[in-house]
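Morning, everyone. Please have the sequence and the model open while I talk.

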Amino acid sequence: MSSLQYILEILGTLFFAISGALAIRDRNPDLFGATFTGFVTAIGGGTLRDIMLGAYPLVWISDINFLYAILLGVVVAYIFFKVLVGLRRTFMFFDALGISFFTILGVEKALSLGLRPEIAAMMGMFSAVMGGVIRDTLINEQPVLFRKEVYATACLAGAVFYLVLHRFDVPRDINLIISSAFIFIIRMVAVKFKLALPNFKR
């Protein structure tokens, strides 16, 4: 694992922990409840991905720094709670950063295990969205995956974009940054302009 990839994975974990802790802002939870929600948001998608891929030990078990990143994210959300929830689209911002990093890192993980690019793209998307799905289920909200907005599609597009750049031998670290930024921009533009895919049911 390159140093940049490791940094992005730690940052992705931190951002997801913040978004998970902020997600319970209207539920009047205690500190443990917020910590638990931040924890499952941060490690949920990556854990399910690694279980499906048979990749053991799970990354947050083998590296204590991921737990520290989660705790730091919860502490940041707790200390700056009023400031963060008062800022427009703060929750969306941190969530978008989280899915941006985790999508590409999921693709990298699958490719490193020798899986086909198509499967790697799906694993990248799965890594990014499942933590949010678990978070929303826990707080009794409709999972963001099923809301009328571009979410998982942004992750899949970014995963494919990464694979295309990889095919053209774009340096790995540059590809990581560009592809993560690509997902983040798609997601934030979709939120700003309320972009959505056509309805399945006519």
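This is a predicted model: local features need pLDDT of at least 70, side-chain atom pairs count only at pLDDT 80 or more; totals for chains, interfaces and linings use all residues.

Residues are numbered from 1 along each chain as its sequence is written, and side-chain values use heavy atoms, with hydrogens and water left out.

Start with helix 2, residues 31–53; helices here are DSSP runs of H or I, at least four residues, numbered from the N terminus. Helix 2 has 23 residues and spans 33 Å from first C-alpha to last, close to the expected 33 Å (1.5 Å times one less than the number of residues). Where is helix 2 kinked? The kink is centred on Ile43 and is about 45 degrees, taken as the angle between axes fitted to the seven residues ending there and the seven starting there.

Now the two ends. Asp30 caps the N-terminal end of helix 2, with a side-chain oxygen 3.2 Å from the backbone nitrogen of Phe32. After helix 2 comes Gly54, with a positive phi near 70 degrees.

Next, the neighbour. Helix 1, residues 3–22, has an axis that comes within 7 Å of the axis of helix 2, and the two cross at roughly 135 degrees.

Last, the loops. Between helix 2 and helix 3 (59–62) sits Pro57, joined to Tyr56 by a cis peptide bond with omega about -5 degrees. In the loop between helix 7 (117–138) and helix 8 (152–167) lies Asn140, a residue other than glycine with a positive phi, near 60 degrees.

Definitions and conventions:
A polar contact is a pair of N or O atoms within 3.5 Å; within protein, one must be able to donate a hydrogen and the other to accept it, and residues adjacent in sequence count only if both atoms are side-chain atoms. Axes are lines fitted to C-alpha atoms, for helices over the stretch in contact, and angles run from 0 to 180 degrees between N-to-C directions.
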